[in-house]
Amino acid sequence: MHFTDLGIDTRLETQLAHQGITQPTDIQAHAVPTALAGHDIFAQSKTGSGKTLAFLLPAVQRVMKQKALSKRDPRVLIVAPTRELATQVFTQLRLLIAGTNIKAVKILGGENFNDQIKALRNDPHFVVATPGRLADHITKRSLQLSGLELLIFDEADRILDLGFTEQLKMINEQANHRLRQTLLFSATLDHAQVDALSRNLLKKPKQITLSAANEQHSDIKQTLYLADNLDHKEALLEHFLKQDDVGQCIIFTATRADTSRLSEALNDKGFKSVALAGDLTQSKRLEIMDSFSRENFKILITTDVASRGLDLLSVTHVINFDLPKHAEEYVHRIGRTGRAGFKGNALSLVGPKDWASYIAIKSFLNDELVFASVEGLKAKFKGIKEKKPAAVVKTKKVTQVKKPHVKRKAKPKKPVAPIKAPMNIDGDSPMRRKKKPEQE
Ligand code: ADP
Ligand code: MG
């Protein structure tokens with residue numbers, strides 16, 4: 001099948017061929033004609049399956065071929081949860097519109113507001129944005145959406161997780177006219193919060209579900225290793241990084257502080273790694289991602305800020321130094337490898353502190369997780385037995401994952417965070433920030 005068979009213009013097809021892209025992926029084959037026919041879309045397909053082009057192609061085609069509703073307002077708005085992802089989508093868009101007179105701007109948190117006002121005055125056809133800053137521009141009326149034709153949410157569920165519900169409502173209301181078309185994409189859209197959102201945003205959407213959120217990714221080999229403590233995790237990590245088949249590698253830690261600490265520890269051992277630490281400026285963050293994508297260094301250490309959407313084809317290994325608290329994030333983290341048909345490996349270290357997360361992920365993935373061990377580095381920790389119901393009855397906080405008892409010196413225990421703790425990994429300001437961001 002060719003892109004032109006999907007109704008895509010030969011000019012765009014030629015542009016794709018320059019990038020070595022000749023055959024549509026499944027999600028593109030389904031979503032492109034549906035979007036071109038004017039339907040709203042609710043689409044879920046695996047990490048690395050080509051969702052970006054599935055929404056960019058019909059959007060660009062529309063701007064190229066159809067008359068605008070408004071000469072001044074943007075015609076297409078693409079919202080992504082993180083600055084890194086918005087930047088990546090923007091880069092991909094720029095390639096598609098190279099040589100045309102289509103104008104696109106990127107509106108990210110952490111960048112100069114006045115420069116963005118100037119860029120918006122230039123009447124761009126496309127705006128690619130993170131939600132917080134976008135809402136600021138709407139409030140200050142530097143961005144009008146009454147002529148918007150196409151509203152696209154990439155990783156829509158993550159935008160909600162980050163607490164941007166109010167901003168989404170505002171965007172929706174600003175661009176609320178009969179002719180607006182809305183597209184929602186992610187690898188994990190099947191939870192209740194998204195359902196509620198899509199009822200508000202989408203009109204008679206066509207649902208394109210090419211895989212369940214918890215379905216195994218056939219190109220990613222997932223293995224878990226029990227670990228006793230931090231030193232043991234570091235020893236295992238060192239062992240993995242010495243293997244010949246490791247190309248580029250992304251290591252996920254629980255907190256931003258851990259990224260820097262682990263990076264220093266690895267650099268001391270002679271592994272060249274860079275931490276995408278939280279206190280970095282926006283330009284430094286993007287510079288690190290750019291440098292990693294050019295393969296200037298092999299190991300990137302990060303938190304969930306880089307779990308979504310980032311497309312780096314030479315990443316052979318994802319290592320969860322700590323497990324994520326949200327089961328969906330596990331799916332997205334490991335999805336940084338095994339992209340576009342390449343094979344990838346996901347290794348996860350599971351210590352006593354990771355056990356509650358492990359149980360949540362295991363149940364989300366229907367138990368399909370395999371443990372292995374490294375000779376000479378076997379763990380004494382064998383997992384934690386589930387407590388008998390009688391012991392659990394005493395707690396009233398039924399919404400929280402109960403952390404099982406671990407034998408070690410007693411310290412007052414903090415409750416484990418609720419599975420859906422809102423975070424603000426983007427640095428924008430969600431209006432409804434319930435709690436201090438936890439992971440970033
Ligand atoms: P997703 O958003 O589903 O995780 P992406 O849109 O980031 O996936 O695409 C993953 C990779 O696949 C990117 O490097 C992209 O350039 C590549 N890709 C997309 N469509 C095709 C295609 N039709 N043929 C080959 N590679 C493709
Ligand atoms: Mg994507």
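The structure is a predicted model, in which local features need pLDDT of at least 70, side-chain atom pairs count only at pLDDT 80 or more, and totals for chains, interfaces and linings use all residues. Residues are numbered from 1 along each chain as its sequence is written, while chains are lettered from A and ligands numbered from 1 in the order in which they are written.

The protein contains 15 helices and 14 strands (DSSP runs, H or I of at least four residues and E of at least two, numbered from the N terminus). Of its 440 residues, 47% are buried, that is, with 20 or more other C-beta atoms, placed from the backbone, within 10 Å of their own.

The largest nonpolar core comprises 109 residues; such a core is a set of buried Ala, Val, Leu, Ile, Met, Phe, Trp, Tyr and Cys residues joined through C-beta atoms within 7 Å. Helix 3 (residues 51-65) supplies the largest share of this core, eight residues. Because domain 1 (3-209) and domain 2 (220-372) both give residues to this core, it lies between them; the domain bounds come from an automatic or database domain assignment. Leu77, Val128 and Ile152 have the most contacts inside the core, a contact being two C-beta atoms, placed from the backbone, within 7 Å.

Helix 3 also provides the largest share of the shell around ligand 1, three residues. Of the 17 residues around ligand 1, Gly50, Lys51, Thr52, Asp311 and Ala340 come nearest (C-beta atom, placed from the backbone, within 6 Å). Domains 1 and 2 both contribute to this shell, so it lies between them.

Key:
A residue is buried if 20 or more other C-beta atoms lie within 10 Å of its own, exposed if 12 or fewer, and partly exposed in between; C-beta atoms are placed from the backbone.
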